[in-house]
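Open the model in your viewer and keep the selection tool at hand. The stops below are meant to be taken in order.

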Amino acid sequence: MGLAYNVYLNSKKIYGCKTCKTHLADHDEIISRNFRGQHGKAYLFNSVVNIQQGEAGERNMTTGRHVVRDICCRQCKEIVGWKYDRAYESTEKYKEGKFILEQELLCQVS
């Protein structure tokens, strides 16, 4: 296993980890801003970078039962949101493979 290098995004608006400012997501990858996390507002992203994924587990959420895994910043290890692995409700399937980043845990890098 080699060294892990951070991915640096090149965009007008980049979201980073509030703790260490590591790039996490491009604003253009937002699918929806209409989500809530443990800390308030959250965004659903199509893709994120520079994260580590925790173990998958089932959680009952306001929109039903899902299999999710916490995601943390690869640099400082702070939890920044979660990834949807599986949705049991057919109306929630669009979330599978997508990421939630909580606004309170983010900063705008550029």
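Two residues are in contact here if they have heavy atoms within 4.5 Å. This is a predicted model, in which local features need pLDDT of at least 70 and side-chain atom pairs count only at pLDDT 80 or more, while totals for chains, interfaces and linings use all residues. Residues are numbered from 1 along each chain as its sequence is written, and side-chain values use heavy atoms, with hydrogens and water left out.

Select V48. Leaving aside residues up to four places away in sequence, V48 touches L24, A25, F99 and L101.

A nonpolar core is a set of buried (under 20% relative accessible area, 1.4 Å probe, protein chains only) Ala, Val, Leu, Ile, Met, Phe, Trp, Tyr and Cys residues joined through side-chain atoms within 4.5 Å.

Last, select N50, in the loop between strand 4 (40-45) and strand 5 (51-53). Is N50 buried or exposed? N50 is buried, because its relative accessible area is 5%. A polar atom of its side chain lies 2.8 Å from the backbone oxygen of H23. Not counting residues up to four places away in sequence, N50 touches several residues, including Y5, T22, C72 and R74.

Methods. Helix = DSSP H or I, 4+ residues; strand = E, 2+ residues; numbered from the N terminus. Buried < 20%, exposed > 50% of the residue type's maximum accessible area, 1.4 Å probe, protein only. Polar contact = N/O pair within 3.5 Å; in protein donor to acceptor, adjacent residues only side chain to side chain.
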